[in-house]
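These are my notebook entries on one structure. I record what I looked up, one topic at a time.

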Amino acid sequence: QVQLVESGGGVVQAGGSLRLSCVASGSDFIINAMGWYRQAPGKQRELVAVTISGGSTNYADSVKGRFTISRDNTRNTVYLQMNSLKPEDSAVYYCNAELFIAHAYRDYWGQGTQVTVSS
């Protein structure tokens with residue numbers, strides 16, 4: 001059974017930094033992509049950043065130049081370094097992984113971690 005476990009959320013002042021981590025646990029899978037989404041109250045869940053096997057990355061325009069996504073394939077872990085945080089970055093951040101498992105590509109989600117940026 002695959003699980004995604006996030007950590008690293010919290011409360012920070014505007015201009016500060018946080019680092020989120022997400023570990024994919026389980027067995028018999030290959031990671032195709034891992035990324036981060038966020039959802040603020042009353043808003044739809046949106047893509048923040050994603051890293052795809054082969055090393056390519058994609059970012060939401062709102063976080064380009066401030067956030068960096070990286071992956072440690074040996075640990076099945078994805079990180080999101082968030083710098084120069086703004087109050088509008090406040091949201092629940094969800095880890096997402098697209099895995100090749102049981103002969104198919106499947107999506108998995110973490111439980112979410114709260115990020116609050118105070119002004």
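Predicted model: local features only at pLDDT ≥ 70, side-chain atom pairs only at ≥ 80, totals over all residues.

**Entry 1: salt bridges.** I searched the whole structure and found 5 salt bridges. One of them joins the side chains of arginine 66 and aspartate 89, at 2.8 Å from N to O. Arginine 66 sits in the loop between strand E6 (57–59) and E7, and aspartate 89 in the loop between E8 and E9, so the pair ties together parts that are 23 residues apart in sequence. I looked up the cover of arginine 66 as well: its relative accessibility is 10%, so this residue counts as buried.

I then turned to glutamate 46, which forms a salt bridge with arginine 38; their closest N and O atoms are 2.7 Å apart. Buried or partly exposed: which applies to glutamate 46? Its relative accessible area is 36%, so glutamate 46 is partly exposed. Arginine 38, in contrast, has a relative accessible area of 6% and is buried. Through shared partners, salt bridges join Arg38, Glu46, Arg66 and Asp89 into one network.

A further salt bridge links the side chains of arginine 75 and aspartate 72, with 3.7 Å from N to O. Arginine 75 is exposed, because its relative accessible area is 57%.

**Entry 2: the open sheet.** I traced an open sheet of 4 strands, with antiparallel pairing and the order E1-E3-E8-E7. Strand E1 (3–7) and E7 are at the edges and have a single partner strand each, so one side of each lacks a neighbour in the sheet. From one strand to the next, the twist averages 15 degrees.

I examined strand E8 (residues 77–82) in detail. Of its 6 residues, 5 are buried, and the strand is thus recorded as mostly covered. Strand E3 (residues 18–25) runs antiparallel to E8 and is joined to it by 6 bridges. Strand E7 (residues 67–72) is likewise antiparallel to E8, with 6 bridges between them. Which residue of E8 is the bridge partner of valine 23? The partner is threonine 77. Threonine 77 is also the bridge partner of aspartate 72.

E7 and E8 form a hairpin, with 4 residues between the two strands. In the turn, I noted a positive phi of about 50 degrees at asparagine 76.

**Entry 3: the core.** The largest nonpolar core has 31 residues; Met34, Trp36, Val48, Phe67, Leu80, Met82 and Tyr93 touch the most other members. At least two core residues come from each of E3, strand E4 (29–39), strand E5 (46–52), E7, E8, E9 and strand E11 (113–118). E9 gives the largest share, 6 residues.

I also checked glycine 35, found in strand E4. This glycine is buried, at a relative accessible area of 0%. Its C-alpha is 5.9 Å from that of cysteine 95, although glycine 35 and cysteine 95 are 60 residues apart in sequence.

**Entry 4: the surface.** Ile30, Phe100 and Tyr105 make a nonpolar surface patch of about 330 Å². Phenylalanine 100 belongs to strand E9 (residues 91–101). Its relative accessibility is 33%, so I list phenylalanine 100 as partly exposed.

Methods:
Residues numbered from 1 in each chain as written. Heavy atoms only, no water. Buried < 20%, exposed > 50% of the residue type's maximum accessible area, 1.4 Å probe, protein only. Pairing = 2+ DSSP bridges. Patch = residues over 30% accessible without salt bridge, like charges linked within 9 Å, V, L, I, M, F, W, Y side chains within 5 Å. Areas by Shrake-Rupley, 256 points an atom, 1.4 Å probe, with all protein chains shown as cover. Salt bridge = Lys/Arg side-chain N within 4 Å of Asp/Glu carboxyl O. Axes fitted to C-alpha atoms, helices over the stretch in contact; angles between N-to-C directions. Core = buried A, V, L, I, M, F, W, Y, C linked by side-chain atoms within 4.5 Å.
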